[in-house]
Amino acid sequence: MLIGHQPKEFLLAVEGLTVSFDGFKAVNDLSFYVEENEIRVIIGPNGAGKTTVLDLICGKTKATSGSVQFRGTELTKLKENQIVQAGVGRKFQTPSVYDDLTVFENLEISYPRGRSVFGSLMFKRDAAVRERVEEVAEMIFLKDRLNMYADVLSHGQKQWLEIGMLLIQDPDLLMLDEPVAGMSVSERVKTAELLNTIIKNRSVLVIEHDMKFVEDIAHKVTVLHQGQILSEGTMEKVQNDPKVIEVYLGH
Amino acid sequence: MFGDYSIGDLGAIFAMQGFAGLILFSVYVLMALGLAIIFGQMGVINMAHGEFMILGAYVTWLTSNFFQSHLPSLFSGYFFVAMVLAFIASGALGMLVEWGLIRHLYKRPLDTLLATWGLSLILQQAYRSVFGAREVGVELPQWMMGSKQVTDTIEVPINGIFVMVLTLGITMVVAYIMYKSRWGRQVRAVVQNRVMAGAVGINTEKVDRYTFGLGCGIAGIAGSAFTMIGSTGPTSGQLYIVDTFLVVVFGGAASLFGTIASAFTISQAQSTMEFFMSGSMAKVLTLLTIVGILMIRPQGLFALKVRK
Amino acid sequence: MINSRFFNRSELLGFLSLLLLLAVILPLFLDVFRLNLVAKYLTYAFVALGLVMCWGYGGILSLGQGVFFGLGGYCMAMFLKLEASSVANTKIQSTPGIPDFMDWNQITALPLFWKPFHSLTLTIIAILVVPTLLAFIIGAAMFKRRVGGVYFAIITQAIAAIATILIIGQQGYTGGINGMTDLRTLNGWDIRTDHAKVILYFFEVFVLFACIIAAQFIRLTKLGRILVAMREQEDRVRFSGYSVANFKIFAFCAAAMFAAIGGAMFTLQIGFMSPSFVGIVPSIEMVIYTAVGGRMSIFGAVYGTLLVNYAKTMLSESFPELWLFGLGGLFIAVVLFFPNGLSGIWRDHVARHIDRLIAMRSSKSKKAWAIKSAADGAPAE
């Protein structure tokens, strides 16, 4: 272990992460670190490998080489559900909620108890569960829709519901893939407000294109290009980086 | 089980059984080719594929009867005519089925599986009503019978060689169509992005229909080959659908080379083991091995690593 | 007691009418021969019930349920066969005391795996455990490697093919293509009499309802909801911290166990077991029972099984050549036009009218109540 390089300080330490799809390196020798309570936004042009990075961290895609350490635990060796149980939550780009279940049931499934087969057989919907579900439903503006089936919700409401499902999971690291994409202006405003409340007391890794939104929330920005880091730092530093300007405007 | 034979005997046995397995190999390749094209193109498992094959077999039988009674002088060449007719008949039925049934079921793979199974039952009963429940066999022309003596102990059946050469020819034609022709490019475009392909002016419905027809037509040719190793009955095709699907999966779907290699492995394993044990146990052992391997390596033997 | 939380109104209606039909109406109006036929159909209802769990809720289509049905049936048959092959009954054989088909195949001693089937307790354990264990092995191997959908369906179908060929090939141990026949008594009680058949019928109905309640229980737990969730958004469930594979294994094992119970019932009712109930064709037919009833409906599965089998018996008695056309057409029609089967038709066309009637009546009474409470000065709801 290197001196002066204590992985314990970081919540998430990604080092030398590489994945190759049939020869094409979608993510190439990527290293970055996320601290406790940090809000990190990943930006970059299409095909830069942003979503793949999230996929690699949450175990959806297996890394070809490199390591992902979360509080000292190596995530690349764990299964997806173990990664979740370690405290990493992930929201997908397209809202993935359970259409055939009610809003209440959607949230309840994410409640972090009774996750084994027999645990879920014995799971009781007690007062604690009900209170927590109602509390989260209020935060995500769906309190009066608890008994509706999720398939009747609007696109934006489904996005909120999925955010709510992550919230109830109470992860230490929350990863959001384009949380405001496809939302109306008023929904965007509400979502920003929602995100600002839920990012307290946890680290967040966000992929987003909406620069106004990024400016509002980011502590630090990482710019990806062709699977590698092009630039990293504060929003201001990144915006003035000639390499970034070249990639975004140069073509 | 090998203890009773000398090395030389074993070599001869393997070679002989290997050549005897050539027709089975050809049937597998042709069936799997059709199945793989249809599966790759539309994600449809055609459980009635065996019945399309049997249609080809019946057409071959009818053609041979026709030549025997009306054109006995041309009998030696009937097989070529039969193959073309088998291709046309099965292909046409395939296009009809695509229009009437399959196109309503894209994106519902499990449902297509059930629906095409229903179709296979209907076809079986139709064959039984038209051709009778009794199995029929075709007579081979003189030049296809017998075998060539290669060494003292090894004989090669002529029809086996003929069918295999034919199969490889058809495979090359299909490979050319799919990978080099303009139409093949359209097919692959539709596979990769149906909406976009439609947007750039490809008639996706037509592509689907012809692809399904092509797959079924090849199954018809497989039926022609099939008449050389077995007699044709209404339910003969059903026995082949599971085998063929295993061939496709075992080879790694979407890999032409994989399909051929796995058809070869499976037919040879089956044929070789048949010499040492009963046919049914050879089959059990072959299937069990494939299922076992697929449980360990579900992506098949030659699958590419693709981004999901 | 069954309260309205365990069954909602239409489920309660389904439960009670099924109970009435199976436990009262059919036994009252059918002769023993026809009742025995119903008993045979009902053995498939166990399989259909299992398929509702694993296919309807879990989205896992197994085309190999006949294997589990057969395993359960064969376990039962082995016990009965041993009892029927007492030394006294088989003294004309060259080796008395072993099943007749073993003697015909020059087997001179009872194979080891047959020995536990001397005991009824061990037999019952075997019926429940052996098929479930096999399902567990298959499920663990496949689901842990993310094999699902059509691949899983085809591989289970291949397993059904293997099982049939194996049973037919190993006739010395299994009775071959004829199966295990000439089963007579269960612990000395003759199962072939009319009286026994009626008792067995009621026993079967009892067990079926126990299974229905078990299935309903599973459906209502969080596990049931996770199955539904998994069918729609497998990744979301996985990234909510659940091991999707384990839940699929559970559903598949439960379906296997139901099927095995049905198989054992079949052997008891019909008095024999043969490979013709194991292979590809019976296995996929069992799927159509579920599809006709409605793949999501526990009661639909039972009705669907009864209906399809009744049609099969009727048609193949009078127009044998029509049956396959009918069955094939049924597969296509269910998939194309009635994806939710009978229960879907019921829900969309019948239940809606009932609901409307009830809603009209209750709104009338609510209105009356509101007027009354307003008059009383109490706050209306």
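Me: In chain C, how far apart do the end C-alpha atoms of residues 150–173 lie?
Reply: The model discussed here is predicted. According to an unreviewed UniProt entry, residues 150–173 of chain C are one of the spans annotated "transmembrane region". This span is 96% helix and 0% strand. Its end C-alpha atoms lie apart by 33 Å.

Me: What is the distance between the end C-alpha atoms of residues 286–310 of chain C?
Reply: The unreviewed UniProt entry also includes residues 286–310 of chain C under "transmembrane region". The span is 84% helix and 0% strand. The distance between its end C-alpha atoms is 14 Å.

Me: Why can chain B be called as compact as a globular protein of its length?
Reply: Chain B holds 12 helices and 2 strands, and in sequence order these follow the pattern α-α-α-α-α-β-β-α-α-α-α-α-α-α. Its C-alpha trace spans about 65 × 55 × 35 Å along the principal axes. The globule rule gives 19 Å for 308 residues, and chain B is as compact as a globular protein of that length because its radius of gyration is close to that value, at 20 Å.

Me: Which element of chain B has the highest mean pLDDT?
Reply: Chain B has an average pLDDT of 83, and 94% of its residues score at least 70. Among its elements, the lowest mean, 71, belongs to strand β1 (residues 147–149) of chain B. The highest mean, 93, belongs to helix α4 (residues 78–100) of chain B.

Me: Over which residues of chain B is the pLDDT below 50?
Reply: Where pLDDT is low, the predicted coordinates should not be read in detail. The stretch in question has 6 contacts in the model beyond near neighbours in sequence. The pLDDT is below 50 over residues 304–308 of chain B.

Me: Which helix gives the most residues to the side of chain B that touches chain C?
Reply: In the model, 33 residues of chain B are in contact with 35 residues of chain C. On the chain B side, α5 (109–131), α10 (238–251) and α12 (279–296) each supply at least two residues. That side divides into 24 nonpolar, 7 polar and 2 charged residues. The helix that gives the most, with 14 residues, is α5(B).

Me: What is the strand order of the open sheet of 4 strands in chain A?
Reply: The edge strands of this sheet, each pairing on one side only, are β2 (24–35) and β5 (73–74) of chain A. Within the sheet, β1(A) and β4(A) pair in the antiparallel sense over 5 bridges, and V14(A) stands opposite V68(A). Helix α1 (residues 50–58) of chain A lies across β1, β2 and β4, at about 70° to β2(A). The order is β2-β1-β4-β5.

Me: Which residue in the turn between β4(A) and β5(A) has a positive phi?
Reply: Strand β4 (residues 65–70) of chain A is joined to the antiparallel β5(A) by 2 bridges. In these pairings, Q69(A) is the bridge partner of E74(A), and F70(A) stands opposite T73(A). The two strands form a hairpin with 2 residues between them, and the residue with a positive phi, of about 50°, is R71(A).

Me: Which strands stand at the edges of the open sheet of 6 strands in chain A?
Reply: This sheet has the order β6-β7-β8-β3-β9-β10, with mixed pairing. Each edge strand has a single partner strand, so one side of each is left without a neighbour in the sheet. The edge strands are β6 (88–91) and β10 (228–233) of chain A.

Me: Which residue of β8(A) stands opposite I42(A)?
Reply: Strand β3 (residues 39–43) and strand β8 (residues 203–207) of chain A pair in the parallel sense over 4 bridges. The residue of β8(A) opposite I42(A) is I207(A).

Conventions
Residues are numbered from 1 along each chain as its sequence is written. Chains are lettered from A and ligands numbered from 1 in the order in which they are written. This is a predicted model: local features need pLDDT of at least 70, side-chain atom pairs count only at pLDDT 80 or more; totals for chains, interfaces and linings use all residues. Two residues are in contact if their C-beta atoms, placed from the backbone, lie within 7 Å. Ala, Val, Leu, Ile, Met, Phe, Trp, Tyr, Cys and Pro count as nonpolar, Asp, Glu, Lys and Arg as charged, and the others, Gly among them, as polar. pLDDT is the predictor's confidence in each residue, from 0 to 100. Two strands pair if DSSP finds at least two bridges between them. Axes are lines fitted to C-alpha atoms, for helices over the stretch in contact, and angles run from 0 to 180 degrees between N-to-C directions. The radius of gyration is taken over C-alpha atoms; the globule rule is 2.2 Å times the number of residues to the power 0.38. UniProt positions are given in the numbering used here, feature names are shortened, and annotations may be inferred rather than shown by experiment.
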